[in-house]
Amino acid sequence: MRQKLVIGNWKMHGSLAANAALLDGIKAAPARARLAVCAPFPYLAQCQATLAGTAIGWGAQDVSTEVRGAFTGEVAAPMLAEFGCAYVLVGHSERRSYHGETDATVATKALRALESGLTPVVCVGETLAQREAGETEAVVGRQLAAVVEALSIDQLGKIVLAYEPVWAIGTGKTATSEQAQAVHAYLRGQLASGSAAASADVAARMPILYGGSVKPDNAAELFSMSDIDGGLIGGASLKAEDFLAIGNA
Ligand code: PEP
């Protein structure tokens, strides 16, 4: 039985004062799912100070492909580990589209995260044009295969996968639970039987989160699907009440 996991992606939002209120609100009530927040780098110390000793995890939204050196502006996985991060997002569609991250870059980032004891949350998803061209499975399958090929079975057993259709991120358009379930089932099937197949056991245990305009009023239906193990939440993770409602959905 896979435990439900709900991760907030704050994106480039927040301030010390706003985060303090948000984190206090999240801490104040229990949630049925495991919760975590992925904050901008400067606020990781605040997350660590506020959330250490609670059941709520925290993490970053990106990590360097490099471990150290002359890479101005980059943040390495061992640095994230020093701030107690449990998770790091890799391959979010905003990184892929605005920063030109390739499937290979994303796979290397996942590997760097694992080497530092972090759980990479590997994001995959198709654009609207790709969906309309019937390419959804080919696109997410290719994005997943790059990661599967870069990791050992043991490492693969430690990642979290997030299906985030690009057309549903921040748009208010959510995939229907049936649309999302179909892609999640495809991804799990690929893990078990694709060209660089993981073991059936890794596929069965892997948490696969759905992300894309998840809100308190649609979370329960999405999370009731057999291959949807929780959510990656953008906008709705910035309000404690909404984030908790999703964590209890
Ligand atoms: C995201 O940024 O990962 C996301 C899913 O955003 P939103 O929930 O706002 O669509």
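Q: Which residue in strand 4 stands opposite Ala60?
A: This is a predicted model, where local features need pLDDT of at least 70, side-chain atom pairs count only at pLDDT 80 or more, and totals for chains, interfaces and linings use all residues. Residues are numbered from 1 along each chain as its sequence is written, and side-chain values use heavy atoms, with hydrogens and water left out. Strands here are DSSP runs of E, at least two residues, numbered from the N terminus. Look across to strand 4, and the residue facing Ala60 is Val88.

Q: Over how many bridges do strand 3 and strand 4 pair?
A: Strands count as paired if DSSP finds at least two bridges between them. Strand 3 covers residues 57-60 and strand 4 covers residues 87-90. They run in the parallel sense, and the bridge count is two.

Q: In what order do the eight strands close into a barrel?
A: The pairing is parallel.

Q: Which helix gives the largest share of the lining of the largest pocket?
A: Helices are DSSP runs of H or I, at least four residues. The helix in question spans residues 93-98 and supplies three lining residues. That's helix 4.

Q: How many residues of the lining of the largest pocket are charged?
A: Asp, Glu, Lys and Arg count as charged; Ala, Val, Leu, Ile, Met, Phe, Trp, Tyr, Cys and Pro as nonpolar; the others, Gly among them, as polar. The lining has nine nonpolar and six polar residues. The charged ones number five.
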